[in-house]
Amino acid sequence: MSSTKEQVLTFLEKCGELKKCKFIMATTKIKDLLKCIVNSPELYKLFDSVTKNFDYIEQKSKCFVTKNDGFFNRNYIVLPQTVGQRLAFIFCLLVEFDRDTLNLNDFLQKYFPEDGSYFASYQAFCRVIVSNLEELIRQVFKDKIESEPISGNSPRANLLSSVLISIEAEKQYISETAISEDEKNSSYKMLSALSGAVKKGDEDLIDALICGYNYFILFNKCVSDNVASLIEMLAQFEQIL
């Protein structure tokens, strides 16, 4: 089996092909991209995690925006705030195109009208949707892409990837709770800082942030099913720093 780095680089290559292809080939390239996820254990694990409790129908009502400027309706896409929700939303959107439950032509003309041509609309779609997906995957698997040898997997890189995925799942869980937006934003900052500390291998900062986050979730009574395994993985990660 190919290494995680090879699988991720193949996925990024497919993103590049999707952005460069002619519009008429777009649905075929989307299908190839989705197959790439299915064939990569780490990518499959990531998208399975972020879509597990993701309400796509609800997010569509927030992300598919229509506003009237006094004369005409203007339609556009607003992507979710957290990395986990963005990944889940874009994945579900691509699945809709693949299954043709949402027609790509109609979608482009409505939400990316540009100059009225499909070419310009498709280029705008790629800049907003495909490039965002590409960058998110680069961010999640940054350590593997930069550090892992092509020939295999390292235990540290595997564990780091699992920790980062778990942190994004935690952000998604928080986004779905009933706590205030201010409290949610505070948790996002803590979890983002935790991701940064993990990538840097800053053991003292990891301990401080997980202690603060543990207090936060207990105080706000928003303890996820994911957090215990996250703390356990962080403890394992610190042992191999």
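Student: Where is Val-65?
Tutor: In this predicted model, Val-65 sits in strand S1, which covers residues 64-68.

Student: Is Val-65 buried or exposed?
Tutor: Buried. Its relative accessible area is 14%, and the cut-off for buried is under 20%.

Student: What does Val-65 touch?
Tutor: Leaving out residues up to four places away in sequence, Val-65 is in contact with Arg-74, Asn-75, Tyr-76, Val-78 and Tyr-111.

Student: How far is Val-65 from Asn-75?
Tutor: In sequence, 10 residues. In space, 5.6 Å from C-alpha to C-alpha.

Student: New topic. How many aromatic pairs does the structure hold?
Tutor: There are 16 aromatic pairs. One of them joins Phe-64 and Tyr-111, with ring centres 5.0 Å apart and planes at 55°, which counts as tilted.

Student: Which parts does that pair tie together?
Tutor: Phe-64 belongs to strand S1 and Tyr-111 to helix H6, residues 104-111, so the pair links parts that lie 47 residues apart in sequence.

Student: Are Phe-64 and Tyr-111 buried or exposed?
Tutor: Phe-64 and Tyr-111 are both buried. For Tyr-111 the relative accessible area is 10%.

Student: What other pair does Tyr-111 form?
Tutor: Phe-107 and Tyr-111 also make a tilted pair, 5.2 Å from centre to centre with 40° between the planes. These two are 4 residues apart in helix H6, which means about one helical turn separates them.

Student: And Phe-107, buried or exposed?
Tutor: Phe-107 is buried, at 2% relative accessibility.

Student: Which residues do ring pairs link into a cluster?
Tutor: The cluster consists of Phe-23, Tyr-56, Phe-64, Phe-89, Phe-97, Phe-107, Tyr-111, Phe-112, Tyr-118, Tyr-122 and Phe-125.

Student: Now helices. What numbers describe two packed helices?
Tutor: The angle between their axes and the distance between the axes. Take helix H4 (residues 56-63) and helix H5 (residues 83-99): their angle is about 95° and their axes are 11 Å apart. H4 is therefore roughly perpendicular to H5.

Student: Which residues make that contact?
Tutor: H4 brings Tyr-56, Gln-59, Lys-60 and Cys-63, while H5 brings Gln-85, Phe-89, Cys-92, Leu-93 and Glu-96. Sorted by class, that contact has 5 nonpolar, 2 polar and 2 charged residues. Tyr-56 and Phe-89 are also among the members of the ring cluster.

Student: At what angle do H3 and H5 pack?
Tutor: At about 100°, with 9 Å between the axes; H3 is residues 41-51. That makes H3 roughly perpendicular to H5. Leu-46, Phe-47, Val-50 and Thr-51 of H3 meet Gly-84, Leu-87, Ala-88, Phe-91 and Cys-92 of H5.

Student: Last one. How do H11 and H12 pack?
Tutor: Helix H11 (residues 203-220) and helix H12 (residues 227-239) are at an angle of about 165°, and their axes are 11 Å apart. H11 is therefore roughly antiparallel to H12. Their crossing is left-handed.

Student: Which residues meet there?
Tutor: On the H11 side, Glu-203, Ile-206, Asp-207, Ile-210, Tyr-213, Asn-214 and Ile-217. On the H12 side, Val-227, Ile-231, Leu-234, Phe-237 and Glu-238. By class, the contact has 8 nonpolar, 1 polar and 3 charged residues.

Conventions. Residues are numbered from 1 along each chain as its sequence is written. This is a predicted model: local features need pLDDT of at least 70, side-chain atom pairs count only at pLDDT 80 or more; totals for chains, interfaces and linings use all residues. Side-chain values use heavy atoms; hydrogens and water are left out. Axes are lines fitted to C-alpha atoms, for helices over the stretch in contact, and angles run from 0 to 180 degrees between N-to-C directions. Angles under 35 degrees count as roughly parallel, over 145 as roughly antiparallel, 65 to 115 as roughly perpendicular and the rest as oblique. A crossing is left-handed if the near helix is turned anticlockwise from the far one by less than a right angle, and right-handed if clockwise. Contact means heavy atoms within 4.5 Å. Ala, Val, Leu, Ile, Met, Phe, Trp, Tyr, Cys and Pro count as nonpolar, Asp, Glu, Lys and Arg as charged, and the others, Gly among them, as polar. Buried means under 20% relative accessible area, exposed over 50%, partly exposed in between (1.4 Å probe, protein chains only). Rings of Phe, Tyr and Trp (its six-membered ring) pair if their centres lie within 6.5 Å; planes under 30 degrees apart count as stacked, over 60 as edge-to-face and the rest as tilted.
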